[in-house]
Amino acid sequence: MRRLADLYERLDQTTSTNAKVDALTRYFQEAPPEDAAWALYFLTGQKLKRLLTTKLLVGWTQELTHIPDWLFAEVYASVGDLAEVISLLLDNLERPSTPEELPLSQWLTERLLPLRVLDATAQRERVVSWWRSMPRREVFLLNKMLTGELRVGVSSTLVVRALAKVAGLPAPDVAHRLMGTWTPSKEFFQQLVSPEVSDAEHSRPYPFYLASPLEQPPEALGDLSEWLVEWKWDGIRGQLLHRKGDVYLWSRGEELITDRFPEITEAAKALPEGVVLDGEVLAYEDGQPLPFARLQRRIGRQKLTPKVLAEAPAAFIAYDLLEQDGQDLRALPLRERRERLAALLKHHPTFPLSPAVEASSWEALAHTRSEARERNVEGFMLKRLSSPYLTGRKRGDWWKWKIDPFTVDAVLLYAHPGHGRRSSLYTDYTFAVWNGTDLLPVTKAYSGLTDEEISRLDRWIRAHTREKFGPVRSVEPEQVFELHFEGIQKSPRHKSGVALRFPRIARWRTDKKPQDADSLDSLKELLHAGA
Amino acid sequence: MDASVSFQARRPLITVTPHGLYCEPGGFHIDPWHPVERALITHAHGDHARSGHQRYLGTRAGEGLLRRRVGADSHIDSLEYGEPLKLNDVTVSFHPAGHVLGSAQLRVEHRGEVWVISGDYKRAADPTCAPFEVVRCHTFITEATFGLPIFRWDDTREVAEDILRWWDANRAVGRAAVLFCYALGKAQRVLAELARLTDRPAFVHGAMQSLVEVYRDAGVKMIPTHLVSEVAKGTSFAGALVLAPPSAGGSTWMRRFGEAETGFASGWMRVRGNRRRRGFDRGFVLSDHADWPDLLRTVADTGAERVLTTHGSAEPLARYLREQGVDASPLATQFEGEAED
Ligand SMILES: [Zn+2]
Ligand SMILES: [Zn+2]
């Protein structure tokens, strides 16, 4: 635990990315693999299910420190982080001069995870004895783990860079091994940084290459003939794998959704083995995409009855061919990958090829773009024909040219009651984006959800309230919404430093996690783009 | 103190008026925030010592700093710590508050009733000023800048060692370490604490240098200092420790240091979010105000039967004391304590 506390402190105390990578590298080299695996679990944003209610932790703290309710509330309001409040208040406890040290993996497997099956008395006895034996910064980390809130302020790119250094492998290989689901164990970590390839890897997708929003006039991209133009389909970006007789469908959020789309995964068995497609899962009927809402209705269902399947039939539109005959094709130019893909899908018409949009000039293309809404697409994807398939959001080769001028994925932070007939419902919301490891409120928005969604969200808000400030509630930062807006301006009056024009809710992104939300920096880039 | 004597029925000896704390029988104000005839000043910080009063009375040890704050041609009289002075039928005296050089609590006695106005104070040892003295009283007006139970200071020496380690780590990679802190008090305390550990010189911002000299004149031992602005253009600050007031952060003044790490020395750095919001790399928890345990201890030590609280957390401190059986209530003043900027 001490080593993790050191790492946490080092990452927390620097804004330099090189220093962060160095600290991570040193940690991964020095920590025993079983501990490193757990640290990695937290570093990649995974969370333990909450082990205890925060109410219990608060109660025990008050008993130990004789702090009345109102004073605890006062302190919490000034600190804003429960794990930190508790560690600061408990600082008055007598502590042993040489605190006991237990490796992180043992903390998890022998102490924390078993807490779940204990009754409150036994839980109290253990937690309090740990509090008494640990230095303040470790109490803080422990509390974060107990409440399932441990987040370390470091991007996955940096974690991958550090692991690649340790393993002596290219970063994309390590990123690939980190995809999908894994359990934090000694074996996992050793395999992660080992130079050898193992069988377990055949279920893993490749890291997705993501397009960046186009901020300059398309003419700046040069000759149109160098580019592949596709519609930007409004569905779930995914990778479809057929390897060694097994089919896997992964979403961009690294979720395995094989079982959610039986019609796609059944059909994929007909594909040759050793094939990986990049594409989009769409609600699709009679050769036409349906609105995203139809697909979303299906995502929300627990059971896939024949009726549900018939209401929103799904298809996988293929963009790209990443693997063929078990060979990684990502380094080939897109032009060649597309040719191979087209040749392959000729024999498999159940998988439509995302068509290329033909136009004689950028100007003509801009004209065609206005049809996007009728086609249930979001705009264009522009892909450089000579580009390899890269990892992450690397700017330069893939652009999204959306119809809506600006969108942002933001996390719901506060809910406010509505007016008039809606005053009994929470209908006005405050949304936040990431600023480092913190969520910073950027805008309020209220229109855009259906009545059904509003009442569903209202129930969720009531069940996930953190705090009440008069009529306003702060909620667990879990729900992601796609907001559309017309412009962005500098605004010293706002804490974020920016103000959005005409923000509205485009949709509830139940398919996204809070860590997928956008950052303040990416919003600010729009400022410079002259938005 | 004789608890059987109750002065509660009388008009309070000191009241809050639009001009500030006022003692009517003595005919003087204490740390007033608007111009008055006669101002008794606890210490030279901006929220306590304002310019424009006709006559000032402060401590001898604090006179130099006070003059610098309110103007050289102001009418300033001084008393030694503990030296009594009669104003009408009120006796006043200043007693060390341990806050900054020359800082004092003010004791006010009128017909057997004693009030103490703490000004700002701390109980932790500080090589730059006289240590806090407990003064028994009936009514104690205490500051409450850090009047919440999360505020609890570590040993100053450990903090100084942390600062030195941070400086050394930056020196090792050829980077400047820019430490933000208040120009009056905190900067000199840091320089004095470091003098126990090293004799390497530090650089200081222009706003600090003259104050550092006042401290040196008062015999406070500090590490050597150079003025940032006196360094020849283009000189590298690699490996240097630079002290600057928080207002210099993010200004063009910072550019000359190249790739520097920043730190902030303040009691507010006890809370992680305060540091992260301000974007400092490091926070050093070092305050010239009393922490929660010392506020409670001091209230008990004075033996006061009534406590009035001022500054930041006046409300919660008073409420907590009331629940402990102390007659306590907050006093609405314009004192700011260790403001966040
Ligand atoms: Zn002060
Ligand atoms: Zn003050």
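This is a predicted model: local features need pLDDT of at least 70, side-chain atom pairs count only at pLDDT 80 or more; totals for chains, interfaces and linings use all residues.
Conventions first. Residues count from 1 along each chain as its sequence is written, chains are lettered from A and ligands numbered from 1 in the order written.

I start with the metals in chain B. The zinc ion (ligand 1) is coordinated by His43(B) through NE2, His45(B) through ND1, His99(B) through NE2 and Asp120(B) through OD, at 2.1 to 2.2 Å. A donor here is an N, O or S atom within 2.8 Å of the metal (3.2 Å for Na, K and Ca), and water is not among the atoms, so sites may look incomplete. Along the chain, the spacing of these donors is H-x1-H-x53-H-x20-D.

The angles at the zinc ion (ligand 1) run from 89 to 163°, so the arrangement of its four donor atoms is irregular. For the label: four donors are tetrahedral if all angles lie between 85 and 135 degrees; four are square planar and six octahedral if opposite donors are over 155 degrees apart and all others between 65 and 115; anything else is irregular.

The zinc ion (ligand 2) has His48(B) (NE2), His311(B) (NE2) and two OD atoms of Asp120(B) as donors, at 2.0 to 2.4 Å. Its four donor atoms subtend angles of 57 to 131°, which again makes the arrangement irregular. The spacing in sequence is H-x71-D-x190-H.

Which residue bridges the two zinc ions? Asp120(B) does, and the ions lie 4.0 Å apart. Asp120(B) sits in the loop between strands E10 (113–117) and E11 (139–143) of chain B, and His311(B) in the loop between strand E18 (306–310) and H7 of chain B, 191 residues away. Helices (H or I, at least four residues) and strands (E, at least two) are DSSP runs, numbered from the N terminus.

Next, the interface. With contact meaning heavy atoms within 4.5 Å, 20 residues of chain B and 25 residues of chain A take part. The two chains bury about 2100 Å², 51% of it on carbon and sulfur atoms; buried area is the accessible area (1.4 Å probe) lost on putting two parts together, summed over both. Ile150(B), Arg270(B) and Arg272(B) supply 27% of the area that chain B buries against chain A, more than any other three residues.

Three salt bridges cross this interface, where the rule asks for a side-chain nitrogen of Lys or Arg within 4 Å of a carboxyl oxygen of Asp or Glu. One of them joins Arg275(B) to Asp12(A), at 2.4 Å from N to O.

Over all chains, the structure holds 48 salt bridges. Among them is Lys144(A) with Asp81(A), whose closest N and O atoms are 2.8 Å apart. Lys144(A) is in helix H9 (residues 136–146) of chain A and Asp81(A) in the loop between helices H5 (69–79) and H6 (82–89) of chain A, so the pair ties together parts 63 residues apart in sequence.

Technical notes: Side-chain values use heavy atoms; hydrogens and water are left out.
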